[in-house]
Amino acid sequence: MLHSAARKPEYNGGPTRFAVPDDKVPFSVAWPEYAPTEYTAAVVAAQPVWADDPGKVAEINFNELDGKVNRVSFEGKYGIDTGTKLPLNPKGRTGMVGRGLLGRFGPNHAADPIVTRWKTLENGQRVLEVVLIKRKDTGDWAIPGGMVDPGEEVSVTLKREFGEEALNTVEADASAKEALEAQVDELFKNGAEVFKGYVDDPRNTDNAWMETVAMNFHDESGDVFGRFALAAGDDAGAVAWVTVSDDLKLYASHTDFVRKVAAMRGAPLK
Ligand code: RP5
């Protein structure tokens with residue numbers, strides 16, 4: 001499927017993208033008139049720890065584990081622009097070059113915990129519920145995922161992000177935090193892989209893009225996740241158990257991930 005959020009003209013806090021029609025998305029299609037908007041957000045250019053130093057691009061080992069930073073794409077080996085020497089988005093043109101809001105040139109790795117349980121309706125039908133957060137940056141409902149820190153195991157990221165965004169461990173005192181983390185450890189013991197690869201994220205550019213590992217943690221009996229008191233924290237403005245239905249419209253590729261979980265669990269979509 002062609003990426004579309006990654007071509008949306010409006011860019012959060014940034015300039016408008018150069019318009020890329022469907023037939024011009026692949027870099028393999030010659031398009032001499034292509035004049036992508038150049039943008040790297042000030043917060044990225046300020047070089048926080050999570051961002052690359054643009055002066056050291058020549059030293060980056062793309063398509064490899066580069067020190068502790070994973071530059072390997074789940075989509076296979078990506079190309080490097082012969083002129084700029086910058087990596088090229090494996091899903092094609094986005095209408096923007098630079099890093100936009102993303103820190104890394106090439107893949108920016110994330111992890112998405114999809115936490116689900118059953119709810120029985122009055123008519124006896126079972127529907128699936130999923131924990132979603134409302135993102136502060138775009139206002140979209142989303143899976144409470146986050147970036148994998150350099151050298152971090154994905155399994156650790158999944159738990160950390162769920163804790164921070166859906167249980168607000170960030171603001172919990174030390175003993176409450178420890179108790180919440182122990183619960184998450186227990187609940188996240190058994191996960192089923194849902195997806196690994198490119199995310200059609202609205203922050204993507206021609207040179208920087210999101211990839212994720214999405215895992216489902218499902219409470220079949222309903223005994224376990226019910227004990228959680230959800231509390232929004234960090235990048236989340238709200239958090240809730242949401243019924244998985246046909247009309248869910250989530251951030252980036254998250255609708256596809258949740259629909260896949262519904263299919264895996266044999267849940268109805270209405
Ligand atoms: C999405 O961005 C991923 O699927 C993940 O949910 C999220 C990670 O970015 P932040 O939430 O840390 O901004 O592409």
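Where does the ligand sit? The ligand sits in the largest pocket, with more than half of its atoms within 2 Å of the pocket's grid points. This is a predicted model, in which local features need pLDDT of at least 70 and side-chain atom pairs count only at pLDDT 80 or more, while totals for chains, interfaces and linings use all residues. Residues are numbered from 1 along each chain as its sequence is written, and side-chain values use heavy atoms, with hydrogens and water left out.

**View 1. The shell around the ligand.** Ala110, Asp112, Arg135, Gly145, Gly146, Met147, Val199, Asp201, Arg203, Met210 and His254 surround the ligand (a heavy atom within 4 Å). β5 (106-120) and β8 (146-147) each supply at least two residues of this shell (strands are DSSP E runs of at least two residues, helices H or I runs of at least four, numbered from the N terminus).

View 2. Polar side-chain atoms lie 2.5 Å from a ligand oxygen in the case of Asp112 and 2.6 Å in the case of Asp201, and an N or O atom in the side chain of His254 is 2.8 Å from an oxygen atom of the ligand (a polar contact is a pair of N or O atoms within 3.5 Å).

**View 3. The lining of the largest pocket.** Of the 45 residues that line the largest pocket, His109, Gly146, Met147, Val148 and Met210 lie nearest its centre (a pocket is an open set of points on a 1 Å grid, for a 1.4 Å probe, with protein on both sides within 12 Å along at least five of seven lines, and lining residues have an atom within 4 Å of a point).

Conventions. Polar contact = N/O pair within 3.5 Å; in protein donor to acceptor, adjacent residues only side chain to side chain.
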